Amino acid sequence: MPTPAPRSLASDIALSIVAPAHNEAENLRPLVAEIHAAISPLAIAHEIVIIDDGSTDSTAELARSFHDPRLRLIHQENSGVAQSRNRGLAISTTPTVCFLDADDTIDPAFLATMLPMLAGHDLVPAAY
């Protein structure tokens, strides 16, 4: 009997990356570049949700400058990182969510290592 072909990760996973940001203009460009570097080799459906948590610097303007249809910018009054994460989770459009604060970094191999473990698994019951 032949060995079954491995399932394509791209057909199994869609990912939302939620990034709370409060006055993080200096960190936003490197974060988005790292996210793209980690996701590009995987060829998965994804979105990046940046929650601008009442920034008074150029965080929102910088986020708008990316012109990436997979990047969504949500503005809210300053409410703190927990509220920002909750809002990002509530509006994400995929069943799999990764949280990265705007000043975090992501190793390019992280998603390639972690996402295959989720492929084909229902982690939260549909009735949840």
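Ala-60 is in contact with Asp-52 and Leu-73, leaving aside neighbours within four places in sequence. This contact belongs to a predicted model. The model holds an open sheet of four strands, paired in parallel, in the order β3-β2-β1-β4. Helices α2 and α4 pack on that sheet.

- Ala-60 sits in helix α3.
- Ala-60 has a relative accessible area of 10%, so it counts as buried, the cut-off being under 20%.
- Leu-73 lies 13 residues from Ala-60 along the chain, and their C-alpha atoms are 7.3 Å apart.
- Helix α3 forms a right-handed β-α-β unit together with β2 and β3.
- Strands β2 and β3 of this unit pair in the parallel sense, over six bridges.
- Within that pairing, Ile-48 has Leu-71 in β3 as its bridge partner.

**The sheet**
- The four strands are arranged β3-β2-β1-β4. β3 and β4 (96-99) stand at the edges with a single partner strand each, so one side of each has no neighbour in the sheet.
- On average, neighbouring strands of the sheet are turned by 20 degrees against each other, direction ignored.
- β1 and β2 run parallel and are joined by eight bridges.
- Ser-16 is found opposite Glu-47 in β2.
- Strands in a sheet pair through backbone hydrogen bonds, in either a parallel or an antiparallel way.

**Helix α2**
- Helix α2 packs on the sheet and touches β1, β2 and β3. The direction of α2 makes about 165 degrees with that of β2.
- Helix α2 covers residues 25-39, which is 15 residues. At 1.5 Å a residue the helix should span 21 Å, and its end C-alpha atoms are 22 Å apart, which agrees.
- The buried residues of α2 are Ala-25, Leu-28, Leu-31, Val-32, Ile-35, His-36, Ala-38 and Ile-39. They cover an arc of only 160 degrees around the axis, so they lie on the same side of α2.
- Residues three or four places apart in an α-helix point the same way, because there are 3.6 residues a turn.
- The buried residues of α2 pack against β1 (14-21), β2 (45-53), α3 (59-64), β3 (71-76) and α5 (110-118).

- Ser-84 lies in α4. Ser-84 is buried, with a relative accessible area of 0%.
- Not counting residues up to four places away in sequence, Ser-84 touches Val-18, Pro-20, Ile-51, Asp-53 and Gln-76.
- Arg-87 is in α4 too, a helix of residues 81-91. Arg-87 is partly exposed, with a relative accessible area of 31%.
- Beyond neighbours within four places in sequence, Arg-87 is in contact with Ile-51, Ile-74, His-75 and Gln-76.
- Ile-51 and Arg-87 are 36 residues apart along the chain, and their C-alpha atoms are separated by 7.8 Å.

How values were computed
Residues are numbered from 1 along each chain as its sequence is written. This is a predicted model: local features need pLDDT of at least 70, side-chain atom pairs count only at pLDDT 80 or more; totals for chains, interfaces and linings use all residues. Side-chain values use heavy atoms; hydrogens and water are left out. Helices (H or I, at least four residues) and strands (E, at least two) are DSSP runs, numbered from the N terminus. The expected span of a helix is 1.5 Å times one less than its number of residues. Buried means under 20% relative accessible area, exposed over 50%, partly exposed in between (1.4 Å probe, protein chains only). The arc is that of the directions from the helix axis to the C-beta atoms. Contact means heavy atoms within 4.5 Å. Two strands pair if DSSP finds at least two bridges between them. A crossover is right-handed if, with the strands pointing away from the viewer, the path from the first strand over the helix to the second runs clockwise. Axes are lines fitted to C-alpha atoms, for helices over the stretch in contact, and angles run from 0 to 180 degrees between N-to-C directions.
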